[in-house]
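Let's take a walk through this protein together, one piece at a time. Have the model open and follow along as you read.

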Amino acid sequence: SVCIAPPRTNIPNDNTEEEFEDVSLPDSISYQSDLTEADTKLSNGNLILKYAFREQKKSMYAKNSEYVYLYWLKNKKLNLKGYTKCNIFAINTLYKAGFLCPKQNARTADLMNERLFNDIFPVTDVSKPSQLVKGDLIVWNGHVIIYDTIAVVNKDLYAKAIWAGTRKRDNGKNIINNVIYGKYPLSGNFIVRRPIRKK
């Protein structure tokens, strides 16, 4: 499954025309961080996965959803009906879990660009699967997943991970709102980014 990147969007300044629609979020969605004191004691990876599973329940990630909200950009609203939203799911999750986020809508192609975003999720040199850490972003040019663990099937390596954008139908268990927790093949050209928690 590959995400189709919507056009890049930046936070508008006072001299540019507004690219986003400012709206109030539906009551079921909040862009505020919900971190508790117990959350602050979790490891980075456990914290990210906890919020990823919470975020999976939001219907805005479904392909037929009219809009998606970018929490980290002050609740900006994008019309992305028909698009998968892997990059937005990943960054919304990081925002809710209390991690640093970019000041623009980072498409997967932007996340793949090793010159960008190193101050908030640096590219990590991973030469062996054992060097992956829970909560890492694994990025291909066209897709991003949030890593949990390694899985080996018939000698092939997979990342057990959570991501938005799958061809499989929702089943109410591991696939909800086009967000799946499953195995993704660790093959092809990818980079690994390690999110940084806000202080």
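**A sheet with helices across it**

Start at A161: its bridge partner in β11 is G182. Keep in mind that you are looking at a predicted model. Now step back to the strands themselves. β9 and β11, the latter made of residues 179-185, run antiparallel and are joined by seven bridges.

This pair belongs to something wider. Seven strands form an open sheet, and reading across it gives the order β6-β12-β7-β8-β9-β11-β10, with antiparallel pairing. At the edges stand β6 (123-124) and β10 (175-176); each has a single partner strand, so one side of each is left without a neighbour in the sheet.

Next, look for the helices. α1 lies across β8, β9 and β11, and its direction is at about 110° to β8. α2 also packs on the sheet, where it touches β7, β8, β9 and β11. The direction of α2 makes about 90° with that of β8.

What about the nonpolar residues inside? The largest nonpolar core has 39 residues, and those with the most contacts inside it are Y61, V68, W72, I88, F89, L137 and I146. Several elements each supply at least two residues of this core, including α1 (44-55), α2 (86-96), β8 (143-153) and β9 (156-164). Which helix gives the most to this core? That is α2, with seven residues.

Zoom in on I88 to see such contacts up close. Leaving aside neighbours within four places in sequence, I88 is in contact with Y61, V68, Y69, L70, W72, L78, L80 and N105.

Key
Residues numbered from 1 in each chain as written. Predicted model: local features only at pLDDT ≥ 70, side-chain atom pairs only at ≥ 80, totals over all residues. Heavy atoms only, no water. Core = buried A, V, L, I, M, F, W, Y, C linked by side-chain atoms within 4.5 Å. Buried < 20%, exposed > 50% of the residue type's maximum accessible area, 1.4 Å probe, protein only. Helix = DSSP H or I, 4+ residues; strand = E, 2+ residues; numbered from the N terminus. Contact = heavy atoms within 4.5 Å. Pairing = 2+ DSSP bridges. Axes fitted to C-alpha atoms, helices over the stretch in contact; angles between N-to-C directions.
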